[in-house]
Amino acid sequence: MEQDWQARVKGLLKAELKKKGVSYRDLAEKLTAMGIPETEANIANKISRGGFTAVFFVQCLMAIGAHTVRLHEAD
């Protein structure tokens, strides 16, 4: 069950990155510019695992300018 939620959150973040055309390298640069030092490799590992914190999730969304997130697709 926990893995299902991790996969869902990981998918949400990856979808937002794709919508905004932001690579992991771009995200690392944007986070670092916000005072949150991250490397491309570290971001890739966190997202691959899917077990990142809510704080990291929100930091990423803010860095890429994603102000709204759709939690599920409309039926």
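Phe57 is buried, with a relative accessible area of 15%; buried means under 20%, exposed over 50% and partly exposed in between, with a 1.4 Å probe and protein chains only. This is a predicted model, in which local features need pLDDT of at least 70 and side-chain atom pairs count only at pLDDT 80 or more, while totals for chains, interfaces and linings use all residues. Residues are numbered from 1 along each chain as its sequence is written, and side-chain values use heavy atoms, with hydrogens and water left out.

**Phe57 and the aromatic residues**

Phe57 lies in helix H4. Helices here are DSSP runs of H or I with at least four residues, and strands are runs of E with at least two, numbered from the N terminus. With neighbours within four places in sequence left aside, the contacts of Phe57 are Val9, Leu12, Leu13 and Phe52, where contact means heavy atoms within 4.5 Å. Tyr24 is 33 residues from Phe57 in sequence, and the two C-alpha atoms are 13 Å apart in space.

Two aromatic pairs occur in the structure. In one of them, the ring centres of Phe52 and Phe57 are 6.3 Å apart and the planes are at 10°, so this pair is stacked. Rings of Phe, Tyr and Trp (its six-membered ring) pair if their centres lie within 6.5 Å; planes under 30 degrees apart count as stacked, over 60 as edge-to-face and the rest as tilted. Phe52 also counts as buried, at 12% relative accessibility. Phe52, Phe56 and Phe57 make up one aromatic cluster.

**Helix packing**

Two packed helices are described by the angle between their axes and the distance between the axes. Axes are lines fitted to C-alpha atoms, for helices over the stretch in contact, and angles run from 0 to 180 degrees between N-to-C directions.

| Helix pair | Crossing angle | Axis distance |
|---|---|---|
| H1 and H4 | roughly 10° | within 10 Å |
| H2 and H3 | about 110° | 8 Å |
| H2 and H4 | about 95° | 9 Å |

Angles under 35 degrees count as roughly parallel, over 145 as roughly antiparallel, 65 to 115 as roughly perpendicular and the rest as oblique.

Helix H1 spans residues 2-20 and helix H4 residues 54-64, and their axes cross at roughly 10°. That makes H1 roughly parallel to H4. On the H1 side, Val9, Leu12, Leu13, Glu16, Leu17 and Lys20 meet Phe56, Phe57, Cys60, Leu61 and Ile64 of H4. By class, this contact of H1 with H4 has nine nonpolar, no polar and two charged residues. Ala, Val, Leu, Ile, Met, Phe, Trp, Tyr, Cys and Pro count as nonpolar, Asp, Glu, Lys and Arg as charged, and the others, Gly among them, as polar.

Glu16, placed in helix H1, counts as buried at 6% relative accessibility. Beyond its neighbours within four places in sequence, Glu16 is in contact with Leu61, Ile64, Ala66, Thr68 and Val69.

Helix H2 covers residues 24-33 and helix H3 residues 40-49. H2 and H3 are roughly perpendicular to each other. From H2, Tyr24, Arg25, Leu27, Ala28 and Leu31 meet Glu40, Ile43, Ala44 and Ile47 in H3. The contact of H2 with H3 has seven nonpolar, no polar and two charged residues.

H2 and H4 pack at about 95°, which makes H2 roughly perpendicular to H4. Leu27, Lys30 and Leu31 of H2 meet Phe56, Gln59, Cys60, Ala63 and Ile64 of H4. The contact of H2 with H4 has six nonpolar, one polar and one charged residues.
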